[in-house]
Amino acid sequence: MVHQARNSVAPSTSNRYNRNRMVASASKIEKPARLSAEDWAVAALDVIAESGFAAVAVEPLAKRLGVTKGSFYWHFPSREALLIAALERWEKTEQEMVFGQLEAVSDPRARLKALFQLVARELKSHVIYSELLKALDHPVVKPVLSRVSERRLDYLTASFRQAGLGRIDAQNRARLLYAAYVGFLQLSLQLGQPRLHHDEFEAYVSHVMDTLIPA
């Protein structure tokens, strides 16, 4: 009797032990990886592109990412800290993706043309920039846009100088080009002008290149 009881209990205990190990193992597999600060920053930029700067809020972002607000406060003390991280990421990515790809182009005219063509296809970055222009009164936004604009103008001025223009002419050409860029964003994204079809847009980009890049 005792021998039989021991035999009947042992498999039950063993099964329970194995089942608990399986459950524990499954929970480890199914548990999602903890979000990084970069994940939150990317999500914030997505919201800015979709709904504007003011739409970035902790609770909707947590819901969007499928986590609780506790995950947010693990990385950031406040919404403002998240906004700073998001804009710094946008600034760094924009610099690496645009200017970084052009370093290998030695001819200044070819580099300017490559810049026009590359920038013309970075829609999300333009939308974010346009939304940030609307929020210039926010203390987090203004220093970022000031740095980005200064860097872009310096780059354009240097490229025009290398293409043969004098210092003043190069500065004026850079300002004219940047003003055309900002104005086009406002026409397209803020004033609701009809969006150009692909062929029309390509023709516009070609016209700007022919007009502003020295022959």
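Helices are DSSP runs of H or I with at least four residues, numbered from the N terminus, and the expected span of a helix is 1.5 Å times one less than its number of residues. Helix α5 (residues 79–102) has 24 residues and reaches 35 Å from its first C-alpha to its last, close to the 34 Å expected at 1.5 Å a residue. The model is predicted, with local features requiring pLDDT of at least 70 and side-chain atom pairs counting only at pLDDT 80 or more, while totals for chains, interfaces and linings use all residues. Residues are numbered from 1 along each chain as its sequence is written, and side-chain values use heavy atoms, with hydrogens and water left out.

**Helix α5 and its cover**

**Aromatic pairs**
- The structure holds seven aromatic pairs, a pair being rings of Phe, Tyr or Trp (its six-membered ring) with centres within 6.5 Å, whose planes count as stacked under 30 degrees apart, edge-to-face over 60 and tilted for the rest.
- The rings of Trp 90 and Tyr 129 have centres 6.3 Å apart and planes at 35°, so this pair is tilted.
- Because Trp 90 lies in helix α5 and Tyr 129 in helix α7, the pair ties together parts that are 39 residues apart in sequence.
- Trp 90 counts as buried at 4% relative accessibility, and Tyr 129 is buried with a relative accessible area of 2%.
- Tyr 129 also pairs with Tyr 178, and this pair is edge-to-face because the ring centres are 6.5 Å apart and the planes stand at 75°.
- This second pair links distant parts of the chain, with Tyr 129 in helix α7 and Tyr 178 in helix α9, 49 residues apart.
- Tyr 178 is buried as well, with a relative accessible area of 10%.

**The largest pocket**
- A pocket is an open set of points on a 1 Å grid over the protein atoms alone, where a 1.4 Å probe fits, with protein on both sides within 12 Å along at least five of seven lines, and its lining residues have an atom within 4 Å of a point.
- The largest pocket is lined by 45 residues, of which Val 119, Ala 120, Glu 122, His 126 and Tyr 181 lie nearest its centre.
- Helix α9 gives the most to this lining, with nine residues.

Note on methods: Helices (H or I, at least four residues) and strands (E, at least two) are DSSP runs, numbered from the N terminus. Buried means under 20% relative accessible area, exposed over 50%, partly exposed in between (1.4 Å probe, protein chains only).
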